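This report looks at ring pairs and at the surroundings of a ligand. Keep the structure in view while reading.

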Amino acid sequence: MSNHLTLVGLPGSGKSTVGRNLARRLNLPFTDSDHVIEQRVGCSIRDFFSREGEAAFRDVEEAVIRELSEGPPGVLATGGGAVLRPANRQRLREGGSVIYLRSTPEELFRRLRHDAKRPLLQVDDPMQRLRDLYDERDPLYRETAHFVIETGRPSVARLVNMILMQLELAGVIPARP
Ligand code: S3P
């Protein structure tokens, strides 16, 4: 087992921002799997979705998650749908510690209402879509994660401190002086 710290959660829960800050605090490399996917397919996720469809995206996502989870340890931010495939859930869970950033659909809507990048939210009723995604995925995030962090409204710095405290208490990282 390697020692990745992986962030999972719905779109807009702060996986990339929190992940980047967590990596900085721990002096570890940071990778965003969506970024790696975009580099691989040579266009934005939104364009790839509309050209090739969701199933093709999930295939690339699974391949990228497999490669990253076999690579050198670091902090990994995943796309919100990374937990949909059982193989991904197992790989992520066995590859280190998984942190679920849990936010309510209402909170996510507040953050994402002007978002145009996320293909799954380009619908007439994005609030209802977020509720449906939450109902479908909250159990999958919980099944994959070792830690659940309620995002609510604290600052990124406070969220990162909460995560560091949990990881210390669990003995995943050494206690800070
Ligand atoms: C998706 C979330 C996106 C991206 C893709 C699909 C999803 O990542 O992977 O658009 O299924 O929820 P974010 O969670 O970073 O938005």
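## Aromatic pairs

The structure contains two aromatic pairs; rings of Phe, Tyr and Trp (its six-membered ring) pair if their centres lie within 6.5 Å, and planes under 30 degrees apart count as stacked, over 60 as edge-to-face and the rest as tilted. Phe49 and Phe57 form a tilted pair, because their ring planes stand at 50 degrees, with the centres 5.0 Å apart. Phe49 is buried (under 20% relative accessible area, where exposed is over 50% and partly exposed is in between, with a 1.4 Å probe and protein chains only). The value for Phe49 is 13%. Phe57 is buried as well, at 4%.

Tyr100 and Tyr141 are also tilted, since their planes are at 35 degrees; their ring centres are 4.9 Å apart.

## Model and numbering

This is a predicted model, in which local features need pLDDT of at least 70 and side-chain atom pairs count only at pLDDT 80 or more, while totals for chains, interfaces and linings use all residues. Residues are numbered from 1 along each chain as its sequence is written, and side-chain values use heavy atoms, leaving out hydrogens and water.

## Around the ligand

Which residues come nearest to the ligand? Of the 13 residues around the ligand (a heavy atom within 4 Å), they are Lys15, Asp34, Arg58, Arg118 and Arg137.

Some polar contacts (N or O atoms within 3.5 Å) can be listed. A polar side-chain atom of Asp34 is 2.8 Å from a ligand oxygen atom. For Arg58, a side-chain N or O atom lies 2.7 Å from an oxygen atom of the ligand. Arg137 likewise has a side-chain N or O atom 2.7 Å from a ligand oxygen atom.

Note on methods. Polar contact = N/O pair within 3.5 Å; in protein donor to acceptor, adjacent residues only side chain to side chain.
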